[in-house]
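Open the structure in your viewer and keep the selection panel at hand. The stops below go from one selection to the next.

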Amino acid sequence: MAQQDDLFKNLVSHSKEYGFVFPSSEIYDGLGAVYDYGPNGVELKNNIKLYWWKSMVQMHENIVGLDTAIFMHPKTWKASGHVDAFNDPLIDNKDSKKRYRADVLVEEHIEKINQKILKDVEKAAAKFGEAFNEAEFRSTNPNVLRRQEEINKIEARMKACLENEDLADFKLMIEELGIADPLSGSKNWTDVRQFNLMFNTQLGNIAGEEGKLYLRPETAQGIFVNFLNVLNTSRQRIPFGIAQIGKAFRNEIVARQFIFRMREFEQMEMQFFIRPGEQAKWYEYWKETRAKWHKNLGFGEEKYRFHDHLKTAHYADAAADIEFEFPFGFKELEGIHSRTDFDLSQHQDLSGKKLQYFDPELNESYVPFVVETSVGLDRMFLATLSACYKEEDLGDGNSRVVLSLPPVLAPVKVAIFPLTKKDGLPDKAREIFNRLRLDLNCQYEEKDNIGKRYRRQDAIGTPYCITVDHQTLEDNTVTIRERDSMAQERVSVERVIELALEKCSWSKVLK
Ligand code: GAP
């Protein structure tokens, strides 16, 4: 079986081989950090969207949906701060000619120190056994304390550099920490400078700056500019939320790790409009609620952690990431941001339109505050694949690759096989297939032996396979095989239909 390091590579090739993810325009050798979703990928992606939409919109009486255009009036991005502040601090290595995000280089350096602390903790845990008290060790061991102090100093300095836009000190810090180009080992760096991440294009009928359009870097602004439209047409009253799923575009510099960081990606965002002063309460509420949403999928509670931001984005007074343990470490999966009244106030100022809410209980008007939840759909897709991709040794000289996807997310819910292509078995199998596909995405397969058919379905994560054999013709029973345990059970055709519908029902995860 593959080591953890190889697992990610295997997962990427598996995604291509089984029609989940393809490099974009591959016949021309692909386009950096842009990907296409194949026949199984699009099903999985749609199911993740459905899980989010059902939980956020259908299960919340005070959240409604929206679908806004990718192109927006250019003033939107001036108001939102993206024209002036949606920048990454960049640095180039003069020898390797590679470009990096300066903050990522420093964060990777911090992570190395963190790993040393973890090693000390593991060693001590092994030495002291059951008597080991990790909290006490961390707060008293001189090595750990020295390293933690080092981390705190670096974090404080980076925070100051970012907040004060002190790019000269950022470069000095990289040099003083002895940070080298991860690829070439060279420490020959350029200055740090800011780079705007928005893609732009031009309207056909207006020349120059006036006709400059941006591809939206987040879906959120479509929600803010429609705040009044939704308020006036949906009968919602504060507190209430507006949710949308859609494409976003960023000219990412460090675009690697497969679909983790892409230049074109999808976001699932919700803006929750609240009374000013209530942001701390709702921020905590949405942190909790969103963490539960992730954990509900059963990938393991230990796979998630919160990371509070040192430096909040230009629009936020508090921000945290829900991080997921990807094969390459804990990384951001979702952001929860307390956006204050920044966006609505900015749009109000620039558009001259009043973006306020009259609160009948307080008998006053105000610009609502906002708490945002924002999860990347493609990152959610990668988290799901990473958690579910398994290479299993079956112990009899055989092995299999299985995607242990929750049934609601699986591209195909049930595969139906006739044991052979003869004796009327295909007709009977098709009868069951035609019944089940009214409610579930199913596949009918008669090619190859049953073993091979099982392996193919395991590899795309199909939770249930139903086999029609000669006994079916005598007593109207079939076998149903469960993907993870590989256990088979013989049940009647009526029962197998009930079982499949029950096991793949949304109510299981939405409750
Ligand atoms: N509206 C707030 C916002 O856009 P963000 O933290 O920049 O906040 C939110 O992005 C989420 O979008 C991230 O947590 C991540 O899941 C996803 N995301 C951001 N940039 C991405 C990229 N280049 N590729 C894939 N997903 C990305």
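Predicted model: local features only at pLDDT ≥ 70, side-chain atom pairs only at ≥ 80, totals over all residues.

Residues are numbered from 1 along each chain as its sequence is written, and side-chain values use heavy atoms, with hydrogens and water left out.

Of the 21 residues around the ligand, Glu 218, Met 262, Glu 269, Glu 332 and Glu 372 come nearest. By class, the shell holds ten charged (Asp, Glu, Lys, Arg), six nonpolar (Ala, Val, Leu, Ile, Met, Phe, Trp, Tyr, Cys, Pro) and five polar residues (the others, Gly among them).

Next, show polar contacts (N or O pairs within 3.5 Å). A polar side-chain atom of Glu 218 sits 2.6 Å from a ligand nitrogen. The side chain of Glu 252 has an N or O atom 2.9 Å from a nitrogen of the ligand, and that of Gln 267 has one 2.9 Å from a ligand oxygen. The protein covers 94% of the 550 Å² of accessible area (Shrake-Rupley, 1.4 Å probe) that the ligand has on its own.

Colour by element, with strands as DSSP E runs of at least two residues and helices as H or I runs of at least four. β13 (329-340) is among the elements giving two or more residues to the shell; its six residues are the largest share.

Finally, select helix α15 (residues 450-460). At the N-terminal end, Asn 449 caps α15, with a side-chain oxygen 3.1 Å from the backbone nitrogen of Gly 451. Gly 461 follows α15 and has a positive phi, near 85°.

Note on methods. Near = heavy atom within 4 Å. Polar contact = N/O pair within 3.5 Å; in protein donor to acceptor, adjacent residues only side chain to side chain. Buried < 20%, exposed > 50% of the residue type's maximum accessible area, 1.4 Å probe, protein only.
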